[in-house]
Amino acid sequence: MLMRNLLAALPGEDDFKRVDILVQGEKIVSVRASASGSRAVAKVGADGRSSPGDRHVGEELDGSGLLAFPGAIDPHVHFDEPGFTHREDFLHGTAEAARGGVTTVIDMPCTSLPPVTCLSALEGKLGTVSGKALVDYAFFGGFHGAMEPKSMAEAAMELAPRVVGFKCYAISGMESFPALGWEGFGRALDLCSALGRPLLLHAEDPEIIRAAQERLEKARGSSPPRWKDYYASRPMEAEIEACRKAIRARPEANAWLHVVHVGTAEAVRLAKAGGASVETCAHYLAFDESDFDRLGSALKTAPPVKEASQKALLWRLLAEGTIDYVASDHAGAPDYEKYTGDPLTAYGGIPGTGTLFPYLLSQGLFAKRLGLGRFLEATCQRAARRYGLDAAKGRIEPGFDADLVLVDPDAVTLLGSGSMFSKSAISPFSGMRLAGSVAGTFVRGACAFARPRLLAGAPPLLRAAFEASPFEEGTRNWA
């Protein structure tokens, strides 16, 4: 396919360039300046295929008026399969990712049964999700507190060739994936350093949270819990102290430490000063604790969003590159788990993979909080580099996978439950209006999502490809 007249976000450029992008098979083979008024014609046979001597393969798509970005990478999703598919599964989760311009996801090990802590669990997960994904995917392995040192070492050796990193928790509410403890954390970081795989840490200090919860229970007495009690039960100091302990555990191995979903600016600074990498999430940039009274369970995550001043600080740290990238921490749940009537027992999680790129596009790039280069780093390039996917992902450049997101900059996206493909549509972003709209998402040249405007002017092969449900042909997994 030849995509003509696109304004593309190219590596190393500060502004969009008008180009034609030629895709053959799964790869970008040419990115060239568009010739004004020219129209390169593909010779397409009756069977819809080009003959071997043709210069271009497939048909043409006129991208006039559209922006082209490399597909976003969401390096932190919980697609819950197998084991918790009443909340999410790979088909619905990856469909929602494609709707939002995400072309690669990395799934967490903790919200599967069994959790991905050994090779047999990984292979079982692969067998379950194979053929169900609309986008490319990779996996993290995991270490938890019920694992003996020997089993941790065995798991690390077995899984390292087939996962892009490992996940652990300083505090956990999951019976199937308990917290590791700081001694175990140090051991896990040693293993990851030796094997060349990042260790991801959910950084909230359990002692600080335990003390905060005890104070709240004593002060509240028999009164029912309120949303401000949930916020107070997981204070900013818990993130800060967890990052402090983490970077002190094995300073020589901190280059392999990655702190996930950080909502506190001082925790970011500590982790980065210690040599670790850091991600935040769109909800920490968009909301603060004052929004709990309005949004309630829809906004509940762990860690919770923080006081209003933290939003501005996180945006600044993201803009300057101190925060490496933004992930969704996609984790939806049905209404009976979200709306329990008790802020302390309601399920914590937001179905955010479809919101991630559109929110950063509107409130980051278009709002001029992020320059174009930094936007690309935050949405795809740094995650690709961190997890070893950067030879194929994250750039509109010859030789790279044809993972492309086409955006209509003049359209408006109204976020709402009716447009979401994920199993859960309980989102704090519902009702938000964002500048720009994802018109089409291509994964290695295959159309994974398209809005009517794009399909209306698309060649027959593109319309047929979208209508044929590309997930049935399978997508690449990196395991």
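Predicted model: local features only at pLDDT ≥ 70, side-chain atom pairs only at ≥ 80, totals over all residues.
Two strands are said to pair if DSSP finds at least two bridges between them.

Strand β1 covers residues 2-8, and six of its seven residues are buried, so the strand is largely enclosed by the rest of the structure. With strand β4, β1 pairs in the parallel sense over three bridges, and in this pairing arginine 4 stands opposite aspartate 62 of β4. Strand β2 runs antiparallel to β1 and is joined to it by five bridges, with leucine 6 standing opposite valine 19 of β2. Strand β5, in turn, runs parallel to β1, and leucine 67 in β5 is the bridge partner of leucine 7. The table gathers these pairings of β1.

| Partner of β1 | Residues of partner | Sense | Bridges to β1 |
|---|---|---|---|
| β2 | residues 17-24 | antiparallel | five bridges |
| β4 | residues 60-62 | parallel | three bridges |
| β5 | residues 67-70 | parallel | two bridges |

Helix α2, which spans residues 119-129, has Ala121, Leu122, Lys125, Leu126 and Val129 as its buried residues. Seen down the helix axis, these buried residues fall within an arc of 140°, so they line one face of α2. On the face turned away from that buried side, α2 carries the exposed residues Ser120 and Gly127. Among the elements that cover the buried residues of α2 are the helices α1 (90-99) and α3 (149-159), together with the strands β7 (102-107) and β8 (136-139). Just after α2, glycine 131 takes a positive phi of about 80°.

Methods: Residues numbered from 1 in each chain as written. Heavy atoms only, no water. Buried < 20%, exposed > 50% of the residue type's maximum accessible area, 1.4 Å probe, protein only. Helix = DSSP H or I, 4+ residues; strand = E, 2+ residues; numbered from the N terminus. Arc of directions from axis to C-beta. Contact = heavy atoms within 4.5 Å.
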